[in-house]
Amino acid sequence: MRKTHALCPRLAKVWSTARTHWVDFCLGRPDSMVAGTQIGAFASDNRGRTWRWIYYETLPTQNHVSSVAVHPTDPKRIILGTKDGLFYTGDGGLEWRRAGGVLFTGNWVRRVVIDPEDGEHVLAVTWRNLWESHDGGDTWTVVYLNDSE
């Protein structure tokens, strides 16, 4: 993955020191990619030749992004798993909201996956639980609850 940025030349140097945790792309538009790193999320619309920081000033948290899921047909619909919960955008990162309201607030979301056959079906893994949504991340039910210490 080339670590350059079309809008901010300094970003290439900043990103080169960050650990990339997850990269996902839109199945319907494989040129659209999103990467989650310890310093934020970045998007590319040209198969990784250039990148732009998509959340630094618009996401309500500045925690690192541990997981990324891009909708299979709409590259502007992105869900980020962070150390402070799940965040959703439907406009490519201009505005973000907490997926599931406060349900995941303060919970480290390790992985988030959108079903490639059904973009409304989402799975999220926290430290101890597996969660499922059938409405794109608005409401969640616990699929597996690990209550052991």
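On a 1 Å grid over the protein atoms alone, a cavity is a set of points where a 1.4 Å probe fits but cannot get out, and its lining residues have an atom within 4 Å of a point. Grid points are joined across faces, edges and corners, and a volume is the space filled by probe spheres set on the points. By that rule, this protein has one cavity of 30 Å³ or more. The space inside the largest cavity comes to about 30 Å³, and its lining includes His 71, Arg 77, Tyr 88 and Gly 136.

A quick word on where this comes from. This is a predicted model, where local features need pLDDT of at least 70, side-chain atom pairs count only at pLDDT 80 or more, and totals for chains, interfaces and linings use all residues. Residues are numbered from 1 along each chain as its sequence is written, and side-chain values use heavy atoms, with hydrogens and water left out.

The protein averages 80, and 80% of the residues score at least 70. Helices (H or I, at least four residues) and strands (E, at least two) are DSSP runs, numbered from the N terminus.

| Element | Residues | Mean pLDDT |
|---|---|---|
| Helix 1 (lowest) | residues 9-16 | 44 |
| Strand 10 (highest) | residues 122-125 | 95 |

Over residues 1-15, pLDDT stays under 50.

Now for the inside. A nonpolar core is a set of buried Ala, Val, Leu, Ile, Met, Phe, Trp, Tyr and Cys residues joined through side-chain atoms within 4.5 Å. Buried means under 20% relative accessible area, exposed over 50%, partly exposed in between (1.4 Å probe, protein chains only). The largest core has 13 residues, and Ile 79, Phe 104 and Trp 140 are among those with the most contacts inside it. Strand 7, strand 9 and strand 10 each give two or more residues to this core. Another core, of 12 residues, lies apart from it and includes Ile 54 and Trp 96.

Ser 66 sits in strand 5 (residues 65-70) and counts as buried because its relative accessibility is 5%. Its side chain meets that of Trp 108 in a polar contact of 3.3 Å; such a contact is a pair of N or O atoms within 3.5 Å, one able to donate a hydrogen and the other to accept it. Ala 35, in strand 2 (residues 29-37), is buried too, because its relative accessibility is 0%.

How values were computed:
pLDDT = per-residue confidence, 0-100. Contact = heavy atoms within 4.5 Å. 1 Å grid on protein atoms, 1.4 Å probe; cavity = no way out; pocket = protein on both sides within 12 Å on 5 of 7 lines; lining within 4 Å.
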